[in-house]
Amino acid sequence: MTTSGRIPLKQVWKMLERCAPGHEVVVREHNFLVTYNGLSYPSLPRGEHGKRQNPEIEKGHIRHLVRQLELDPDCAKRHLPQLR
Amino acid sequence: MTRYPILFGFRDLVAGSGFVASIATEGRALLTDEGDDGFWMYGVNPGGIAGSGSTPVEAQTDFRQRYKSVLFDIASASRDFEQFKATVERFFHEVNKPTAKEWDAAVQEVREGKVYADWLLTGKADAPRHVEVVEVQEPEARVNALDEQPAIAA
């Protein structure tokens, strides 16, 4: 797996602020649970132990989160150019 | 990008607050070859999980692990079995709609012979998908079960 396929988590939070206003994030033991408009993505990785301040998340997870929460893909790509 | 429509069957025993639950899932996922980004397995139902790896088997293994981690998260957040069962059922039935469309298209590609995977069993694409969550009242060896072999849907 290449590191170019990863996105810092802080960028993901910024994207969600813009593209999913009103979304909620719950920190669980293994994953973040992200909910928006009655839909949920319960498996956003928290990162490896010891690297949880701003872990880098594989972009496939973010791509799938965008689809699961039915976000505007153009908005997501505008804020996360790595998804293009 | 090659994509494979996958059928899977997972069997789990999960402990929570005052209960042990047996969870049997018959789900759907889309396995894709994304070149430099490796292989990805995206959930259709349950839709909220994805896994990756440098080989198809690694991606399936990571997907399986992420699925289990969500069950553990739900167990940790549930006050009793009823809440656990309801949350797992909601998790399973939340279909990832865009990925479901891709899954249907991938099934068509398999049927047309454009995609094949001799390393997988073949299953019926229209086989019912479901989740069964049962409280284990009397734990004994007969409640143990192995996962089903993943299959390509056709």
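**Figure 1. Buried residues of helix 2 of chain B in the predicted model**. B:Phe84, B:Lys85, B:Thr87, B:Val88, B:Phe91 and B:Phe92 are the residues buried in helix 2 of chain B. Within chain B, these buried residues pack against strand 1 (3-16), strand 2 (19-33), strand 3 (39-45), helix 1 and strand 6 (130-135). They also pack against strand 4 of chain A.

**Figure 2. Length of helix 2 of chain B**. Helix 2 of chain B has 13 residues, which at 1.5 Å a residue should span 18 Å. The C-alpha atoms at its ends are 18 Å apart, in agreement with that expectation.

**Figure 3. Packing of helix 1 of chain B with helix 2 of chain B**. Helix 1 (residues 56-77) and helix 2 (residues 81-93) of chain B pack with their axes 9 Å apart, at an angle of about 145°. The crossing of these two helices is right-handed. Helix 1 of chain B contributes B:Val70, B:Leu71, B:Ile74 and B:Ala75, which meet B:Phe84, B:Thr87, B:Val88 and B:Phe91 of helix 2 of chain B. By class, seven residues of this contact are nonpolar and one is polar, with no charged residue. An α-helix has 3.6 residues a turn, so residues three or four places apart point the same way.

**Figure 4. Contact between chain A and chain B**. Chain A gives 18 residues to the contact and chain B gives 23 residues. On the side of chain A that touches chain B, strand 4 (39-45) and helix 2 (59-68) of chain A are the elements that give two or more residues. This side of chain A comprises four nonpolar, 10 polar and four charged residues.

Technical notes: Residues are numbered from 1 along each chain as its sequence is written. Chains are lettered from A and ligands numbered from 1 in the order in which they are written. This is a predicted model: local features need pLDDT of at least 70, side-chain atom pairs count only at pLDDT 80 or more; totals for chains, interfaces and linings use all residues. Two residues are in contact if their C-beta atoms, placed from the backbone, lie within 7 Å. Helices (H or I, at least four residues) and strands (E, at least two) are DSSP runs, numbered from the N terminus. Ala, Val, Leu, Ile, Met, Phe, Trp, Tyr, Cys and Pro count as nonpolar, Asp, Glu, Lys and Arg as charged, and the others, Gly among them, as polar. Axes are lines fitted to C-alpha atoms, for helices over the stretch in contact, and angles run from 0 to 180 degrees between N-to-C directions. A crossing is left-handed if the near helix is turned anticlockwise from the far one by less than a right angle, and right-handed if clockwise. The expected span of a helix is 1.5 Å times one less than its number of residues. A residue is buried if 20 or more other C-beta atoms lie within 10 Å of its own, exposed if 12 or fewer, and partly exposed in between; C-beta atoms are placed from the backbone.
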